[in-house]
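Hi,

Here is the structure I promised to pass on.

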Amino acid sequence: MASETRLDDRLGAGHPVVAFDVGGTDIKAALVDDGGRIVELLRRPTPLDGERTGDAVVSATVALLEEFRRTHPELRPVAAGLVVPGHVDEARGVGVLAENLGWREYPFRDLAAQALGIPVAFSHDVRAAGEAEYRLGAAKDFRDVVVVAIGTGIAGAIFIDGTLYTGGGMAGEIGHSRVADGPECACGGRGCLEAVASAAAIARRYTALSGVPVAGSREVLERAKSGDAAARRIWDSALDALALDLSHTVALLAPEAVVIGGGLAQAGDDLFLPLAERLEGILTFQRRPVLLAARIGENAGVIGAALRARELLDAVDPDPVDPDPIPAPVRERAR
């Protein structure tokens, strides 16, 4: 189902582009006009197909672009931004590994550019969301800042003196630093932050401890506030783990601010106040970063992808778009 999102033209004037944010559950697609407005925002289920998921994702982007062309024939995007989760090599344009989604060494950038018929900027979903937050949201007033997304997983985007640091695609994987003796993590490690304090882990750990299924971390928090001892134990341990991990980040990078987004950030003061208190209790002489809630919201990834597409056009003068550039085999699969 289509929906329209107005962002007060916050992307500014520029080329019209299309953007895709691939998640474990759905793909978000945005059509951005030359005034910087998201004209239409679509969501479609991520087509999970084992080792062929990469191909299926590229075909899904083709179908979404064709849908935009049908509903907005007057608007012709001249570049695309595509962001995906997992380990991403931006220089090569490759999704190196996404265990939960099935691809390995998948050349997203080149295959998507061929299928869509326009240049494609390719990046990591959290780094793209971080860039949106850095340029347009809560992080825009800082030069040294870490933007952390806490949802199903945990990862961060690191900005040093105003420059995004990627570490060859490996930087920002704070969800896989060890903060406890357990539980086991999907990455093969034990006690990773993501296995203790992600929104998914909080719900999973509560159910394992109490035997009571819950819909998510929000329900665990509500149970903790109502006096449920098991819920309080799980929530407090997640906060302890987050504070410990942030203390390592502060000691290493000394950011001016840490911006937190994702599903867990919706807890508001129930997250930020005790987290700040715990972090203060760990730090000694280190710089105290400001802890801020992300402002862009759930569409930060797709907005970051649009920004990447526009940046690509700053360096590449796009050729006129072919009226029907999509290769026939890819088009047929998308239908």
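**Strands first, then a helix pair**

Strand S10 (residues 154–160) and S11 run antiparallel and are joined by three bridges; strands here are DSSP runs (E, at least two residues; helices are H or I, at least four), numbered from the N terminus, and two strands pair if DSSP finds at least two bridges between them. Phe-159 sits opposite Leu-164 in S11.

A quick word on the source: this is a predicted model, where local features need pLDDT of at least 70 and side-chain atom pairs count only at pLDDT 80 or more, while totals for chains, interfaces and linings use all residues. Residues are numbered from 1 along each chain as its sequence is written, and side-chain values use heavy atoms, with hydrogens and water left out.

Both strands belong to an open sheet of five, ordered S11-S10-S9-S12-S13 with mixed pairing. S11 (163–165) and S13 (290–293) are the edge strands with a single partner each, so one side of each has no neighbour in the sheet.

Now the helices: the axes of H7 (residues 229–253) and H8 (residues 269–282) come within 9 Å and cross at roughly 50 degrees. Axes are lines fitted to C-alpha atoms, for helices over the stretch in contact, with angles from 0 to 180 degrees between N-to-C directions. H7 and H8 are therefore oblique to each other (under 35 degrees is roughly parallel, over 145 roughly antiparallel, 65 to 115 roughly perpendicular, the rest oblique).

Cheers
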